[in-house]
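Subject: Structure for you, with notes

Hi,

Here is the structure I promised. Please open it alongside these notes.

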Amino acid sequence: MGDRLCPACASAVAAGDAYCEACGQDLASEAAAGPDPGPAAGPDAGPGPAAPGPAAPGPAAVARPAGVWLTSADAPEACPACGAREFGPEGYCEACGQRRGSAADHTELDLGTLAAVTDRGLRHHRNEDAVGIGTVGDRLVAVVCDGVSSSVRPDAASTGAAAAATAALIDALSRQQSPVDAIVAATRAAQAAATLAAGAEPGSNPPASTFVCAVVADDAITVGWVGDSRAYWLPDHPADGGGSAATCLTVDDTVAARYGADLSVLASGESLVRWLGADAPDTTPHLRSFTPSGPGRLLVCSDGLYKYRPDADQLAALAPRDAPLPAAAALVRFALDCGGADNITVALLPFPPDPAVTVPADQAATVRARDSKEVDQDE
Amino acid sequence: MSEQGVAFQAEVFQNEYLPAGAGVVDAVITVTASGAGLTGGPVKLPSTAQVIMVDCSGSMADPPTKMSEAKRATAAAIDALRDGVEFAIVAGRAHAELVYPASRGLVAATAKTRAEATRAVTRLDASGGTAMGQWLTMANELFATSSAEVRHAILLTDGRNQHETPEQLAQVLRRCEGRFVCDSRGVGADWSGTELRTIASALLGTADGLADPAGLVDDFRAMTEAAMGKAVAQVSLRLWTPAGATIRFVKQAFPHVEDLTPRRREVSARVGDYDLGAWGAESRDYHLCVEVPPGTIGDEMLAARVSLVAGDEVLSQSLVRAVWTDDTALSTRINQRVAHYTGQAELADAIQEGLAAREAGDVQTATAKLGRAVQLAKESGHTDTAKLLAKVVEVVDARTGTVRLRQKVAGVDAELANVRSVKTVRVRPASE
């Protein structure tokens, strides 16, 4: 094992390596910036809680703003299928053979000023969405990943990617990198983790996930994405009040979005043209920076929510003016009430960020639930 | 144990994708052992003992070359024994007689004991009957006096087991199971392929027949060398299956078909062991068929974990998975090896059933079964079996399996087809 961890994806790297074997990160330039133990959360979501974790412990961290983050990654202690608690080294239940999932059916992440809720929905048997949120000083971050359900083990890709990207964002921002650089590093970490989820033999249909992340600073919101998970700007005051209008900040990497709305009537219109994973053709993130003219909230979500209300104005009207956690929970509830056809993930981040209400690491809360409801089999 | 320096490698061939509602999972596992311990490296091999049972019934004198070649072959096997390998020679008649050593037990091979044993073998003569159960009982008693790890026997016969009932033989085989490995060989024209297969199958050995006694020398030497080349004495296949799963079958599929299913020894609720005997530098294939509770789309489960173990040491491990998908392009894919060995098992059954029907005078069944066998042998490129079958049936069209029973068939040809019916070939690389 190497003494160092890759600053981008947290994989172990050998002392002499110029590039990370897992994600290709240029290690030489990092070495010049000084040794860096990196965040504790690794790219693969192993058993045990991956968060919260203070970023970069050690002497180097003292001079940096402290980071706090939470993710939904959480390999269950008991088998969701039979309740047995023993798993083999390959991640299968020793009693019934079912694969151990990567996360709970329902997870709520609460950092006070920002929060996220992810839920299995009513149709799917597993929650293949994953989410991470965090704070570095007065900057807020969120990552949402949606496992591509036509791939093998999509939850491994989405959970791994969300955990790795959240840690990488926190790490990069705590080292005073720009939001754009932090997002580029986070995307690379997410892609490395999604690729690792495929294991040694990726096969023809390896784990795949969408990816969207956001950095909210007091001067701008920066988002990066690959795939069709979205970020929306939801202003506190309607556009005619002088603020920025509600808008979707991302453009889906789908056939319909790329080749024109006309194609959305086709069955293939919603097919992804870009994703993260071992077989992904292009994983460079789309980037967008946005400076709102007034206060509001950033909504980062998976299609499990926006499929019911794709329009930004509708979503703005829908989101209650509560604290982030109850507001996010209400949006998830709305999607469930609409049918819950897919996994649903919602993260809400305020703009401008208010560091005063950010909770310290020891008060960060994660609530998990499993099998809280039966899968609804009829339409 | 001496498996240090020996590497076992396992490879799984399966289509893990199932459509909704399906639950039958097939997989072929190829296990190959290689390493220093198998190529004469510095690793110590397990201790070995060998007993040779030579048929000395009256028929061995007709023609006299049978007895003379059997003696030469036994001498060659003795000559091949490494110093220190414990051995004994048994003459088989209606009773078993210890030819060497003089007192009941095994003796370690040295230049002196090898010379004494060879001299004793030259004095063998052909007279008396055939009761293989008696011979095997003596071999079992001889092995019981030894602490050797690898225990190997060779049984040579030229005739049928006339002087005891099949039940008596079966009873003896049950007592000998797991005590030693036995290769059985038929020489001449009057042995029974079914009997040889029964003995070899129960005692984890190989069965074969030689029409020409001149081939015995090389065969005996090769069997002895193979026994002394075993690097791990007691290997078991350990199978874990999930709760609610049913094991349809576990078969050895290569180098010959052997149904292991009824040999399961329960280790725990979900784990069973199947004895495989000793391993040398060799590669074997196993075909596993497990039925698991059907899953829903997107589910993934471990349908079986297949390990090779020596005692509690795991030599190799393979995972057999099941993944449910609505992508029919995936779920309808057929794994070449699974299909191939399914065909090879059917081929063995078709030959055995066809020959049995032929012997019973049921021409219609015999023609249908042997016709199917010819077709399967052709499809799988099993040319040796195709040649043997062509001596029993006249092949009109191998592709369609159209055959006619030959009127005049040398008895040994039918027995050879029988005893070799279980031998399999691997998939030709071109078809993978």
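In which sense do strand β14 (residues 265-268) of chain B and strand β15 (residues 271-279) of chain B pair, and over how many bridges? They pair in the antiparallel sense, over three bridges. Two strands count as paired if DSSP finds at least two bridges between them. Helices (H or I, at least four residues) and strands (E, at least two) are DSSP runs, numbered from the N terminus. A hairpin joins β14(B) to β15(B) through two residues. B:Ser268 has B:Val271 of β15(B) opposite.

First, the ground rules. The model is predicted, so to speak of local features pLDDT of at least 70 is needed, side-chain atom pairs count only at pLDDT 80 or more, and totals for chains, interfaces and linings use all residues. Residues are numbered from 1 along each chain as its sequence is written, while chains are lettered from A and ligands numbered from 1 in the order in which they are written.

**Chain A: the sheet and its helices**

Chain A has an open sheet of six strands. The order is β3-β6-β7-β9-β10-β14, with antiparallel pairing. Its edge strands are β3 (67-71) and β14 (286-290) of chain A, each pairing on one side only. From one strand to the next, the twist averages 10°.

Inside that sheet, β6 (residues 129-136) of chain A pairs with β7 (residues 139-146) of chain A. The sense is antiparallel, over eight bridges. A:Thr135 stands opposite A:Leu140 in β7(A).

Helix α2 (residues 154-174) of chain A packs on the sheet. This helix touches β3, β6, β7 and β9 (211-216) of chain A. Its direction makes about 10° with that of β6(A). Touching means contact: two residues whose C-beta atoms, placed from the backbone, lie within 7 Å. Axes are lines fitted to C-alpha atoms, for helices over the stretch in contact, and angles run from 0 to 180 degrees between N-to-C directions.

Helix α3 (residues 179-196) of chain A lies across β9, β10 (221-226) and β14 of chain A. This helix runs at about 150° to β9(A).

**Chain B: domains and sheet**

Chain B is assigned domain 1 (10-41 + 233-332), domain 2 (48-228) and domain 3 (337-431). The bounds come from an automatic or database domain assignment. The C-alpha centres of domains 1 and 3 of chain B lie 28 Å apart. In domain 1 of chain B, 13 residues are in contact with ten residues of domain 3 of chain B. On the domain 1 side, β1 (6-14), β3 (24-35), β12 (246-254) and β16 (283-291) of chain B each supply at least two residues. That side divides into seven nonpolar, three polar and three charged residues. Here Ala, Val, Leu, Ile, Met, Phe, Trp, Tyr, Cys and Pro count as nonpolar, Asp, Glu, Lys and Arg as charged, and the others, Gly among them, as polar.

An open sheet of five strands in chain B has the order β1-β3-β16-β12-β13, with antiparallel pairing. Its edge strands are β1 and β13 (258-259) of chain B. Two bridges join β12(B) to β13(B). The bridge partner of B:Gln252 in β13(B) is B:Glu258.

**Chain B: helix packing**

Helix α8 (residues 336-359) of chain B lies across β1, β3, β12 and β16 of chain B, running at about 95° to β3(B). α8(B) also packs with helix α9 (residues 363-379) of chain B, at an angle of about 150° and with axes 8 Å apart. The pair is therefore roughly antiparallel. Angles under 35 degrees count as roughly parallel, over 145 as roughly antiparallel, 65 to 115 as roughly perpendicular and the rest as oblique. The residues of this contact divide into nine nonpolar, three polar and six charged.

Helices α3 (residues 132-144) and α4 (residues 166-176) of chain B have axes that come within 9 Å and cross at roughly 15°. So α3(B) is roughly parallel to α4(B). Among the residues making the contact are B:Leu136 of α3(B) and B:Val172 of α4(B).

**Between the chains**

The contact takes 13 residues from chain A and 13 residues from chain B. The chain A side divides into five nonpolar, four polar and four charged.

Best wishes
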